[in-house]
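This report describes selected features of one protein model. Please consult the sequence and structure displayed below.

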Amino acid sequence: MRILHVLDHGLPLHSGYTFRTRAILTAQMARGWEVAAVTGPRQGATEAAFERIDGIDFHRTIPIRALPAPLGELAEIAAFARRIDAVVEAFRPDLLHAHSPVLGALAALWVARRRGLPLVYEIRAFWEDASVGNGTGREGSARYRATRALETWTVRRADAVAVICEGLRGDLIARGIVPGKIVVSPNGVDLGLFGAPGPRDEALAAELGLEGDTIGFIGSFYDYEGLDDLIAAMPALIAARPKARLLLVGGGPMEQALRTQAVTSSAADRIHFVGRVPHDQVERYYGVVEVLAYPRKRMRLTDLVTPLKPLEAMAQRRLVAASDVGGHRELIRDDDTGTLFAADDSAAIAAALAGLLSNRDDWDARRERARAFVEAERNWLSNISNYEPVYQRLTKAACMDESWSQRTATS
C-alpha cells in the first residue's frame, strides 16, 4: 500500500505535531507500507524541494508571500494543492492521508477529486479551538464560526475521518457526521524511543539546586497549559512540603508573563526557569524531576483533545499529575496510573501534589501501571492498526468504482 501524507509541517521542526507524524509514518513503514509526506507553505523556507529525515521522505512546498486574510489562506491552499498534485504524479499513492489543520485537507481534497483518489482526513485539534487556546482567536467570533463551518464542510466530503480521541469524535457526531465514518487513532508513544528512564543526573540536580520533591513541566508555555496556576500553587505546596521545587523547561508566548509572576511570588527562590534546551538534552531534565505536572485550564481545546506529553512521561515510568479536563481523563486514571486535580484551582493543585509527594509507598506500582497502560493501549506499533481497515476499504472501493471521485464528492 502506498500512502501520501499531507502535513502542515514536519521534521526537522520539533513539536508534538511533528513527533506524532514521525511515529505514524515510522510505524507504517515498519509494517511494510510505502510512505511519503508533503509539507505545506507553513513549513517555511527549506534548502531543497525534497529531504529524507529519519528515513522519511519529505516533499516541500515553497512558501508564498504574505497576503491579507482570506486571500493569504486561499493562496496557501492553491500553492499546496499544486505541490501535492506534483508529488502524486511522481509517487503514485493509493490514497491521500491529510492531517489538520483544515487548509491542508482542502488542498488534498482538490487533488483527491482530480486524481480519483480516496482521502482520509485526520483531525488532531479543531483549528478554531486551537486559535482560542494560543490566544490568536476568540470563541464565537465571526472567524471562529467560519472556520468551524469550513471544518464541518471538509469532514463531510472526506472519504473517512480519523481523530485522536473520543472528545473530537463526539463533537463531530454532534455536528451530524455519521459515526461509522470516524475512526479513533489515539496519541501514542514509540516505545523504542521511550524505554527505561536513565539514572538521576546528580550533577544537573546540584547545578539547579534541586534536593528533592521536584515538580516539573517540560514543554511549550501556552496560556491553556495553566502554568500560572502551577506557579500560584507553589507557596501552599512549600508550606506542606518545605523541600518542594518547581522546574519549568521550555518556552513560548507566556514565558515572560510567567517569569514576572514567579519573581513576585513568595516562592520565587523555589521556581527555576531553564528555557529551551536541545532535544537531545531533554532526558537529563526528566531525570531530575519526581512528578511531571500538567495543569491545563478547562476550555473546549483541553476538554476535547488529548495531549502527548503525559503519555511520554508515563512510558518512561514517570509520575504524572494533571488537571481533570476531558483530554487528561482519557489518559489518566486518578489514583491509579496518575493523579487528577481540579482544573483552574491552585489550591487543589497544591493539595494534590503535596499528597502525592507525601505518599511514596505506591510510587513504584503506580509507575508500572502507567507504563502497562501505554504498552497496551497507546503503543504506536499497535495503534496504526486502526488505520488499516479504513485504508483497505477505501482503496478497494476506489479500484472497483472508476467514478470514485464523482461518487464520493456527494457523500
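Which residues line the largest cavity?

## Basis of the model

This is a predicted model, in which local features need pLDDT of at least 70, side-chain atom pairs count only at pLDDT 80 or more, and totals for chains, interfaces and linings use all residues. Residues are numbered from 1 along each chain as its sequence is written, and side-chain values use heavy atoms, without hydrogens and water.

## The largest cavity

The lining consists of D8, G40, P41, R42, E76, I77, F80, P101, L103, G104 and W127. A cavity is a set of points on a 1 Å grid over the protein atoms alone where a 1.4 Å probe fits but cannot get out, and lining residues have an atom within 4 Å of a point.

The volume of the largest cavity is about 80 Å³, and a search of the whole structure finds one cavity of 30 Å³ or more. Helix α2 (71–91) provides the largest share of the lining, three residues. By class, the lining comprises six nonpolar, two polar (Gly counts as polar) and three charged residues.

## Packing of α3 and α5

Helix α3 (residues 102–115) packs against helix α5 (residues 142–157) at an angle of about 35°, with the axes 10 Å apart. In this contact (heavy atoms within 4.5 Å), α3 contributes V102, A105, L106, L109 and R113, while α5 contributes L150, E151, W153, T154 and R157. These residues divide into six nonpolar, one polar and three charged.

## The site of R318

R318 lies in the loop between α12 (309–315) and β13 (319–323). R318 counts as buried because its relative accessibility is 11%, where buried means under 20% relative accessible area with a 1.4 Å probe, protein chains only.

How values were computed: Axes fitted to C-alpha atoms, helices over the stretch in contact; angles between N-to-C directions. Helix = DSSP H or I, 4+ residues; strand = E, 2+ residues; numbered from the N terminus. Buried < 20%, exposed > 50% of the residue type's maximum accessible area, 1.4 Å probe, protein only. 1 Å grid on protein atoms, 1.4 Å probe; cavity = no way out; pocket = protein on both sides within 12 Å on 5 of 7 lines; lining within 4 Å. Points joined across faces, edges and corners; volume = space filled by probe spheres on them.
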